[in-house]
Amino acid sequence: MSIEVHHIVDGPPGAPVIVLSGSLGSTLDMWEPQVAALSGDFQVVRYDIRGHGESPVPPAPYSLADLGSDVLTLLDRLGVERAHFAGLSIGGMTGMWLAAHASERIDKLALLCTSPLLGPPQNWAQRAATVRAGGTEAVADAVVARWLTADYLEREPETVARMREMIATTPDEGYIGCCAAIEHMDLRDDLPTITAPTLVIAGSDDLATPPEHAETIAAGLSRPPRLEVIPGAAHLANWEQATLVNGLLREHFAD
Ligand SMILES: O=C(O)CC1=CCC(=O)O1
């Protein structure tokens, strides 16, 4: 069943809407570098995925259908018939689910640092077990080290500490619930049914969803997408290479 997620809207009322959906262990703050770049021409809707940030924390497990239905409920609450959607990682998985299962609500799609099948499944069960035992604090160092390049980790310790805090303060139950959604996800058969014009972005140094996963998405879509591999970016390409990513998003979502 869907829930009402915490969200923030920036940008002029009546402008085309872009919904931004983030990574496992993040809050809507991960989209900070996109707000100023997009909110002049678009209404930018950022939200905390279920079990994260200030959104409610239903009991785990969650499914991608749950995560997608939360977005449809959000659009209904905002009175938005159709929106563009940009999602990173589990946010991108949610975007693929929406574009396949609720195509009438999704205009253009941007899929960042994501995958249609992120195995092996036992890794996600193991990660959930680690969080069950030690809380999100127990995975925060490893996850933040995948979010950003080694160079950035060394250069920007204060920002890295902030990002780590985002992970470590994610509710355990919410994190575990989303691990289950990824564990049981296989979107490969959905890809050919997606008709939305799609931009696929990968980070050159992303160890979590390497560029080959973006290539799998591109090969599976029946409508050829634009595929871009961003240099000098790990998993949070939107953060570390914000100027490049913002340019691509602006171009893609422009009429
Ligand atoms: O936490 C990670 O390892 C990276 C990741 C995979 C799916 C997601 O949302 O984040």
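**A walk from a loop to the ligand**

Ser89 is found in the loop between strand β4 (83-88) and helix α3 (90-101), where helices (H or I, at least four residues) and strands (E, at least two) are DSSP runs numbered from the N terminus. The model is a predicted one, in which local features need pLDDT of at least 70 and side-chain atom pairs count only at pLDDT 80 or more, while totals for chains, interfaces and linings use all residues. Residues are numbered from 1 along each chain as its sequence is written, and side-chain values use heavy atoms, with hydrogens and water left out.

The backbone of Ser89 has a phi near 65°, a positive value in a residue other than glycine. Most residues other than glycine have a negative phi, and most peptide bonds are trans. Against that background, a cis peptide bond joins Ala60 and Pro61, with omega about 0°, and Pro61 lies in the loop between β3 (43-47) and α2 (64-78). Another cis peptide bond joins Gly119 and Pro120, with omega about -5°, and Pro120 has its place in the loop between β5 (106-112) and α4.

Helix α4 (residues 121-134) can be followed next to helix α8 (residues 172-183), for their axes come within 8 Å and cross at roughly 170°. Such axes are lines fitted to C-alpha atoms, for helices over the stretch in contact, and the angles run from 0 to 180 degrees between N-to-C directions. The crossing angle therefore makes α4 roughly antiparallel to α8, since angles under 35 degrees count as roughly parallel, over 145 as roughly antiparallel, 65 to 115 as roughly perpendicular and the rest as oblique. In contact, meaning heavy atoms within 4.5 Å, are Pro121, Trp124, Ala125, Arg127, Ala128, Val131 and Arg132 of α4 with Asp172, Glu173, Tyr175, Ile176, Cys179, Ile182 and Glu183 of α8.

The axes of α4 and helix α5 (residues 137-147) also come within 8 Å, crossing at roughly 135°, and these two helices are therefore oblique to each other. Their contact is made by Arg127, Thr130, Val131 and Gly134 of α4 and by Glu137, Ala138, Val139, Val143 and Arg146 of α5.

Which residues are around the ligand? Ser23, Leu24, Ser89, Ile90, Leu118, Trp124, Arg127, Val143, Arg146, Ile182, Ala208 and His235 are, each having a heavy atom within 4 Å of the ligand. Some of them make polar contacts, which are pairs of N or O atoms within 3.5 Å (within protein, one must be able to donate a hydrogen and the other to accept it, and residues adjacent in sequence count only if both atoms are side-chain atoms). An N or O atom in the side chain of Arg127 is 2.7 Å from an oxygen atom of the ligand, and a backbone N or O atom of Leu24 lies 2.9 Å from a ligand oxygen atom.
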